Amino acid sequence: MSSLRTLPASRLLALLVAVAAVAVSGVAVALAAGGGATPPAKPLAAAVHDALAAPAVDGVTARIDFTNHLIDAGSVQGSDPLLTGAKGRLWAAQDGHVRLELQSSGGDVQILSDGTHVSVYDAGTNTTYSATLPQDRGAHAEPADKAPAVDAIQKELTRLMEHLDISGATPSNVAGQPAYSVRVSPKRDGGLLDAAELAWDAAHGVPLRAAVYAVGNSAPVLELAATDISFGPIPASAFTVKPPGGTKQVKVDPPTDHAGAAGHAHGQRAAAPAKLPFTLAAPATLAGQARADVRHVDLEGEPAALVTYGHGLGGIAVLESVTGKDDQPLATQAQGRHHHDGPGLELPAVDVRGATGQQLDTALGSVLRFSRGGVTYVVAGSVKPDVLRAAARGL
């Protein structure tokens, strides 16, 4: 089984998009806006309360359009539905099972989740990627039998508004369904994230639209939009789709946080533990941002360090680890303008003080990876590409 450390950037991005799609889907789907009746105006807290108090639907079946403008079209080679967007279908059950099917000329993609695990089958490469989804540790501690009171919801909204700009509940109509929509934007330290929008069915409380906007873009960079929807029970067979025989299996293991938590417990915010098998690069400032934290982390059983700079979404993170035998020696790659990172994506080669790195730029941020002196660096942040390159060259 391959791992996150050796997963090509194009495939890693595809999996991240898939997980995000499952997360925003929940037990519903984002729907395309349309004309029709709108619900009565009401305060946001009341609209949220009514949505939480609405009877649960048995399931949702929909035809959808998935929009993805994260990556510049010139960087995408061929037709990859997760990278370029596609039409498809969605099934979502009340018990948390979700299936998203995207279709394109380059091959279909099937995304399946039971709320605990997610798998992504890419027919174009005959590969299945699987991962365990993060779980809310307190989700099962005290099940809620009824929706919070309006006053409690308003109190929480007031607390959130210290950090976020939150619009009111805007009456709208989404795919023929009377709905409320809300727009949320970070007040500070938002990086390249401009806003997120969510719309939900006024009668059922079902989320109907989810979209993410980047700074400088009036259109969403990520959006799920359905052209047709129906409510009702979904047979279990809808979620038992199996990939064909001979499919390559790739497991993406999320990083464990116990090592990082231990670092915090010992107050290690200025320097990583001394047991790193390499010399740590952690300057006091990087690309104009002050060092905020240094953590000792476990990376597939090997000691590594995570250094962060700045605060909020606009910060920069640097993951440092020993260059493994499976890591491709970037310095030996052809010194052309681009390095083709598997099917679907063309990544520019970047010079980092003599080392050749690969940089993946999206509308919401960038990731740059390079190896030098036996150490592999992964630099990431919701910052402009030139800022990330400056950060990498400051290590």
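The protein has 6 helices and 22 strands, in a model that is predicted. Of its 395 residues, 42% are buried.

The interior comes next. In soluble globular proteins, nonpolar side chains tend to be buried together. Here the largest nonpolar core has 36 residues, and Ile64, Phe66, Leu90, Leu100, Leu102 and Ile111 have the most contacts inside it. Another core, of 24 residues, lies apart from the largest one and includes Leu276, Ala305, Val350 and Val383.

A search of the whole structure finds 10 salt bridges. One of them joins the side chains of Asp65 and Lys87, at 3.1 Å from N to O. Asp65 belongs to strand β1 (residues 59–68) and Lys87 to strand β2 (residues 86–93), so this pair ties together parts that are 22 residues apart in sequence. The two partners fall into separate accessibility classes: Asp65 counts as partly exposed because its relative accessibility is 22%, while Lys87, at 53%, counts as exposed.

A second salt bridge, between Arg159 and Glu156, has its closest N and O atoms 2.4 Å apart. Both residues lie in helix α4, 3 residues apart, which is about one turn of the helix. An α-helix has 3.6 residues a turn, so residues three or four places apart point the same way. Arg159 is partly exposed at 43% relative accessibility, and Glu156 is partly exposed at 36%.

Where does the salt bridge of Arg183 and Asp194 lie? The side chains of these residues meet at 3.2 Å, N to O. Arg183 is in strand β9 and Asp194 in strand β10, so the bridge ties together parts 11 residues apart in sequence. Arg183 is partly exposed, with a relative accessible area of 29%, and Asp194 is also partly exposed, with 29%. The pair belongs to a network of salt bridges that links Arg183, Asp194, Glu197, Arg209 and Glu223.

Methods. Residues numbered from 1 in each chain as written. Predicted model: local features only at pLDDT ≥ 70, side-chain atom pairs only at ≥ 80, totals over all residues. Heavy atoms only, no water. Helix = DSSP H or I, 4+ residues; strand = E, 2+ residues; numbered from the N terminus. Buried < 20%, exposed > 50% of the residue type's maximum accessible area, 1.4 Å probe, protein only. Core = buried A, V, L, I, M, F, W, Y, C linked by side-chain atoms within 4.5 Å. Salt bridge = Lys/Arg side-chain N within 4 Å of Asp/Glu carboxyl O.
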